[in-house]
Amino acid sequence: MVALALDIGATKFAAGTVDSEGGVHDVRRIAVPESGVWEQCREMLRQVAGDAEVSAVGIGSAGPVDVRRGAAGPLNIPEWADGFPLVDSVRELFPGANIRFAIDGVCLAMAEQRWGAARNVSNVLAMTVSSGIGGGIISDGRVLMGRTGNAGHVGHIVVPGNEEPCACGGVGCVEAVASGHSSVRWARRQGWSGSTGIELARAAHRGEQIAVAAMNRAGTALGRAIASAAALLDTDLVVIGGGFAQSGEPLWAPLRETVAAHAGLVFLRELRVVPSELTDQATIAGAGLLALRE
Ligand SMILES: [Zn+2]
C-alpha cells in the first residue's frame with residue numbers, strides 16, 4: 001500500500017509517494033507560489049500521482065491549521081490567510097481517497113517515532129527549527145491534536161528577555177527570536193552582511209563575533225522554550241529537525257546549556273534533546289504514515 005503525501009511548508013511545497021516502510025518516492029518540490037497557490041500545488045500533485053489510482057492521501061501543513069474544517073493558513077501565504085480548504089480541494093482531485101490532514105509538526109513527530117530518533121519513545125516533542133519554528137507532540141504514545149489541530153505549535157511559546165514582534169501578532173515568541181529567518185534579521189541589524197541561516201552558521205563556525213552572538217541568542221531562546229515545554233509535557237525526548245537546527249555546536253552548545261540550567265525538576269533530569277535523524281523528507285514520510293495507518 002502506498003499513500004500520496006503532501007507537505008505544505010513555509011518556503012516550499014513538496015509531494016511524493018510513501019510506502020509502509022517509510023520510503024519516499026517520486027518527490028517533487030516547488031517554491032511557495034506568490035499567486036495561484038492552489039493551482040500550482042494541484043499541478044504538482046497530478047504529476048506525482050501520474051496515472052495511478054490514489055486511495056490514500058496524507059497532508060501535513062505549516063500552521064496554523066484548522067483540522068475541523070480541513071483548512072490551512074500558514075502565515076507566509078497571504079492568499080490562504082483566511083484558511084484555504086485544503087482537504088476539500090484535494091478531495092476534488094482524488095474523489096474516493098482516504099484523506100488525512102495534520103499540522104506538519106504532528107507528521108514530523110510521527111515520522112520520528114516510527115523511523116527516526118524517537119523510535120520506541122512514548123513521550124516526544126518533535127520540533128522544526130528552520131525559517132519558522134513548529135512542532136508536534138506524542139504523549140503516552142498518542143498523537144496530540146488539540147481542539148483545532150494546532151497542539152505542539154511551539155514556535156509561539158514566549159521566551160523572556162525578548163521584545164521582538166512576531167508574525168502571529170504577538171511579541172517575544174521563540175520563532176521571532178530563534179528561527180533561521182529571525183536570527184539572520186537580528187544579525188543584519190548588528191551589522192552582519194550575509195543573508196541566509198546557512199551563511200550565518202558558517203560565519204559562527206569561523207568565530208565571527210556577530211554570528212556567534214546570533215547563535216547564542218537563538219540557542220538560549222530555544223533552550224528556554226524547550227525547558228518550558230518539557231516541564232509542561234513531562235517528556236523524555238525532544239527531537240529537533242529543520243535546516244537551521246543543522247547549525248552545529250554554535251547553536252547546540254548554548255541550547256543544551258540553557259536546557260540544563262532550567263530543567264532542574266526531578267522528572268526532567270533524564271530529558272534528552274537531540275537532532276533529527278531524518279532528512280528533509282520527514283514531514284512527507286509522516287504525512288504518508290498518517291494516511292496509511294488508518
Ligand atoms: Zn508568535
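At 37% relative accessibility, F267 counts as partly exposed (buried means under 20% relative accessible area, exposed over 50%, and partly exposed in between, with a 1.4 Å probe and protein chains only). The model is a predicted one, in which local features need pLDDT of at least 70 and side-chain atom pairs count only at pLDDT 80 or more, while totals for chains, interfaces and linings use all residues. Residues are numbered from 1 along each chain as its sequence is written, and side-chain values use heavy atoms, with hydrogens and water left out.

F267 sits in the loop between α8 (249-262) and β13 (272-275); here helices (H or I, at least four residues) and strands (E, at least two) are DSSP runs, numbered from the N terminus.

A zinc ion comes next. Its protein donors are H156 (ND1), C166 (SG), C168 (SG) and C173 (SG), at 2.0 to 2.3 Å; donors are N, O and S atoms within 2.8 Å of the metal (3.2 Å for Na, K and Ca), and because water is not among the atoms, sites may look incomplete. In sequence, the donor residues follow the spacing H-x9-C-x1-C-x4-C. H156 and C173 both lie in the loop between β11 (142-143) and α4 (174-178), so this pair ties together parts that are 17 residues apart in sequence. H156 is partly exposed at 22% relative accessibility, whereas C173 is buried at 3%.

A118, in the loop between α3 (104-115) and β9 (124-129), is buried, with 0% relative accessibility. Although A118 and L237 are 119 residues apart in sequence, their C-alpha atoms are 7.3 Å apart in space.
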